[in-house]
Amino acid sequence: MHVQWLRCTHFRNYDTLEILFHPRMNLFLGNNAQGKTNILEALYCLSTTRSFRMVSEDELIQFDQTAMRLEAQLMDDHGSERVALEFKKGFGKTLYFEEKKQKRLSLILGKIPMVIFSPDDLYLVKGGPGLRRKYLDAVLWQRDLSYLADLQQYERVLKQRNALLKKKETFLEKEWQVWNRTLSQAGSRVIQRRQEVVQHLERIAEHALSELTGNQEQLTLRYLASISWNGSIDQTQQLFLEKLTQAQKEERMRQITLVGPHRDDVELILNGKSIKHFGSQGQQRTVALALKLAQLTLLGEQRSHPLVLFDDVMAELDEQRQAFFLAHLQKQGQTFLTGTSKQDFKKFLGDARVFKVDAGRVALENEGSNKN
Ligand SMILES: Nc1ncnc2c1ncn2[C@@H]1O[C@H](COP(=O)(O)OP(=O)(O)OP(=O)(O)O)[C@@H](O)[C@H]1O
Ligand SMILES: [Mg+2]
């Protein structure tokens, strides 16, 4: 699928913006703080109803305004569809398909599959476990929405259970057992799916890594589960319940749920050593890139090519890797790249529709020759 056009109203620094995209390569050039990332953020918001930046959602609305609207025309083999997301301060978000108001925001999920690359990807390797869990979750739910249902159910139960622990009232054992059962049911499904996808990702990321570096390095991804999984989901759930019983005293003391996939991590090992602890900055960056490429490959295996959002990443790559990415992106779906310097995109310029971004205005600068 691809996005034919995007219209933003009172979104970030855009008063009104209309962009007609190239079905393949779109490049946004401009100085810092002009609104390049905001365009990618608008696409991401339409895809997921959220921002990829850690922000309070009100910041998405242009200063001094009370509402924003994002609208796009999607196109795939079956035809076209117009989608819109409105967000009003104090009223929340509303989703429209063909101008028709939809009952649930989640109906948009999966319609615009995408993978975003940004310099922050480094934290996938360097940062805390939460980012790696988020990465796995994004890989999983974009492939299969039933995973999102399991994850959301788990998070709901976890929140309620934590609230109960905080209340510090006497715990009714019977009631508590029901909570534990519900938590472990949803939690075991989450653990199982993450375990499976980690194995799958490992193979693809290792291949991506060897293409990126030209070396045959061994990359191992190990899912570190607070409940070790050994095949059947029933066994995992049984083990989950046992661990909850063991942790009961400490949980009541610390007033928080101490067992479950919300505490899991993925260990990244390169040639037998933890990359987080022993990898050089360059190795960490490359592995992060390989992980995102693996996400892209995995998603593309199952559905039509996802959109590729490439925010400020090109400048960080050396010539050889730029060439690799050019070759790689040409096999991918619709692509959106941002950068400050034309120099970093020499190899792309012939193929891309190039836009100049300047203080909340976007102008077409150059039409790519490849009009497929
Ligand atoms: N809610 C908002 N209303 C108006 N302007 C906003 C809002 N939120 C952010 N901005 C403005 O948007 C601009 C930043 O846009 P963006 O992050 O897209 O820049 P960029 O072109 O990607 O820059 P860089 O090259 O530094 O990454 C800033 O000038 C900021 O003040
Ligand atoms: Mg930016």
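A crossing of two helices is called left-handed if the near helix is turned anticlockwise from the far one by less than a right angle. That term comes up in the first of these close-ups, which show a predicted model.

**View 1. Helices H4 and H5 pack against each other.** Here helix H4 (residues 145-167) meets helix H5 (residues 173-213) at an angle of about 145°, and their axes are 9 Å apart. The crossing of this pair is left-handed. On the H4 side, look for Tyr 147, Asp 150, Leu 151, Gln 153, Tyr 154, Val 157, Leu 158 and Arg 161. H5 brings residues including Trp 179, Leu 183, Ala 186, Val 190 and Arg 193 to the contact. By class, the residues of the H4 contact with H5 are nine nonpolar, three polar and four charged.

**View 2. Three strands form an open antiparallel sheet.** Follow the strand order E9-E10-E11. Strand E9 (219-224) and strand E11 (273-274) are the edge strands, each pairing on one side only. Between E9 and strand E10 (residues 265-270), the antiparallel pairing runs over six bridges. As a landmark, find Leu 219, which stands opposite Leu 270 in E10.

**View 3. Ligand 1 sits in a shell of 17 residues.** The closest of these are Asn 13, Asn 32, Lys 36, Thr 37 and Asn 38. Helix H1 (residues 36-48) gives the most to the shell, with three residues.

Terms used
Residues numbered from 1 in each chain as written. Chains lettered and ligands numbered in written order. Predicted model: local features only at pLDDT ≥ 70, side-chain atom pairs only at ≥ 80, totals over all residues. Pairing = 2+ DSSP bridges. Helix = DSSP H or I, 4+ residues; strand = E, 2+ residues; numbered from the N terminus. Near = placed C-beta within 6 Å. Axes fitted to C-alpha atoms, helices over the stretch in contact; angles between N-to-C directions. Contact = placed C-beta atoms within 7 Å. Nonpolar A, V, L, I, M, F, W, Y, C, P; charged D, E, K, R; others polar.
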